[in-house]
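Let's take a friendly walk through a protein together. Have the sequence and the 3D view ready, and we will go topic by topic.

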Amino acid sequence: ELRSEVVRGLFVQAPGLLVIEMAVAVFIAAVFWRSAPTATIIAWTALVIAAAIVRWVHCRRYFERTRPAEEAKTWGRTFAFGTFLSGMLWGIAGIAFFSPNDGVLLIVQVFLVTGLSAAALTGYSAYLPAFYGFVLPAVAPFGACLALDGAPAHLFTATLLAVWISIFVYLAQALNAHTLDRVLLLLGNARMADTLRKARDAADEANRAKTEFLANMSHELRTPLNAIIGFSDIMKSEMFGPIGQGKYKQYVTDINRSGSHLLQLINDILDVAKIEVGQQPLNESVIDLAGTLK
């Protein structure tokens, strides 16, 4: 479940990053239009845009239907492979557009690789294979070109770039741990809410079952009790003639009184059941509270 949530977050952020990536590719092509071969610029730009479109379609496929948690590992690997391809294309740009004698274009490349690293830190740090798959192939070729050029300024820039990437790797590790903790907290809260909802539903179901049981039992008990009370009342009043022994009349009176008391208790239970289901009518009136409490 944790991997599934992380991968889902990657695919949610990916479309916006891909649009930015295509826009930056067009901008870089315009900047290096005069300094690099036209065919190389056109081919590279087309490949970057095509790769971004393929990844965008892949994102659409991910959201077309609900993906089970078991598929998260496969989708994560596929996403990381896509970032690796994009990183390779940007690494090729670092080699193809390397302009050691043009300070302005060199600064543009430095800002490009650092900006790409920042974008990867923002969008891919939750899943480190995707982050490393993009940053390392995108930045390493340009750093290698600077180091192999041999000029002191370029060696210094390559060193700063290595320090920059090291800091970004450290930040990616920290952000990854923070993201995982946050996702774990969200999953824990979701599980707790689901458990509480199930417990509430179970309690409501048990309460409904209890209410139905009380209503059914009250009905089943009232029927024989009414017969007992009715027959004992006839016997007590000696409607069909006197009772031979006076002791029997006392017993009949006790039976009648006990049956009436039991019937009253059952009626009270049935009233409680009606109150629980909201079917008990209320007889509202003004009362003397002080007098009632006395």
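Here is a short briefing on this structure, starting with the overall picture.

Please keep in mind that this is a predicted model. The protein chain has eight helices and zero strands, so if you read the elements from the N terminus on, the pattern is simply α-α-α-α-α-α-α-α. Of its 294 residues, 32% count as buried.

- How many salt bridges does the count come to? The count comes to one salt bridge, and the partners are the side chains of Arg55 and Glu21, with 3.8 Å from N to O.
- Arg55 belongs to helix H2 (residues 38-64) and Glu21 to helix H1, so this pair ties together parts that are 34 residues apart in sequence.
- Are Arg55 and Glu21 buried or exposed? Both Arg55 and Glu21 are buried.

**Cysteines**

- A disulfide is a covalent bond between the sulfur atoms of two cysteines.
- This structure holds zero disulfides.
- Cys59 counts as buried because its relative accessibility is 4%.
- Cys145 has a relative accessible area of 18%, and it is buried too, because the cut-off for buried is under 20%.

**A nonpolar patch on the surface**

- Which residues form a nonpolar patch on the surface? They are Phe81, Phe84, Leu85 and Met88, and together they have about 370 Å² of accessible area.
- One of these residues, Phe84, is found in helix H3, which covers residues 72-96.
- Phe84 counts as partly exposed because its relative accessibility is 36%.

**The largest cavity**

- Rolling a probe the size of a water molecule over the atoms shows where empty space is left.
- A search of the whole structure finds one cavity of 30 Å³ or more.
- About 50 Å³ of space lies in the largest cavity.
- Its lining is made by Trp90, Gly94, Gln109, Leu112, Val113, Leu116, Ala138 and Phe142.
- Three helices each supply at least two residues of this lining: H3, H4 and helix H5 (128-149).
- Which helix gives the largest share of the lining of the largest cavity? That share, four residues, comes from H4.

**The second largest pocket**

- The second largest pocket holds about 240 Å³ of space.
- Helix H1 (2-31) and helix H4 (103-124) are the elements that give two or more residues to the lining of this pocket.
- In total, 13 residues line the second largest pocket, and those nearest its centre are Ile20, Val24, Gly115, Leu116 and Ala119.
- H4 provides the largest share of this lining too, with seven residues.

**A pair to find in the 3D view**

- Ala177 lies in helix H6, which covers residues 152-236.
- Ala177 and Ser125 are 52 residues apart along the chain, and their C-alpha atoms are separated by 9.3 Å.

Terms used: Residues are numbered from 1 along each chain as its sequence is written. This is a predicted model: local features need pLDDT of at least 70, side-chain atom pairs count only at pLDDT 80 or more; totals for chains, interfaces and linings use all residues. Side-chain values use heavy atoms; hydrogens and water are left out. Patches are made of residues with over 30% relative accessible area and no salt bridge: like charges are joined within 9 Å, nonpolar side chains (Val, Leu, Ile, Met, Phe, Trp, Tyr) within 5 Å. Accessible areas come from the Shrake-Rupley method with a 1.4 Å probe; for residues, only the protein chains shown count as cover. A salt bridge is a side-chain nitrogen of Lys or Arg within 4 Å of a carboxyl oxygen of Asp or Glu. Buried means under 20% relative accessible area, exposed over 50%, partly exposed in between (1.4 Å probe, protein chains only). A disulfide is a pair of cysteine sulfur atoms within 2.5 Å. On a 1 Å grid over the protein atoms alone, a cavity is a set of points where a 1.4 Å probe fits but cannot get out, and a pocket is an open set with protein on both sides within 12 Å along at least five of seven lines; lining residues have an atom within 4 Å of a point. Grid points are joined across faces, edges and corners, and a volume is the space filled by probe spheres set on the points.
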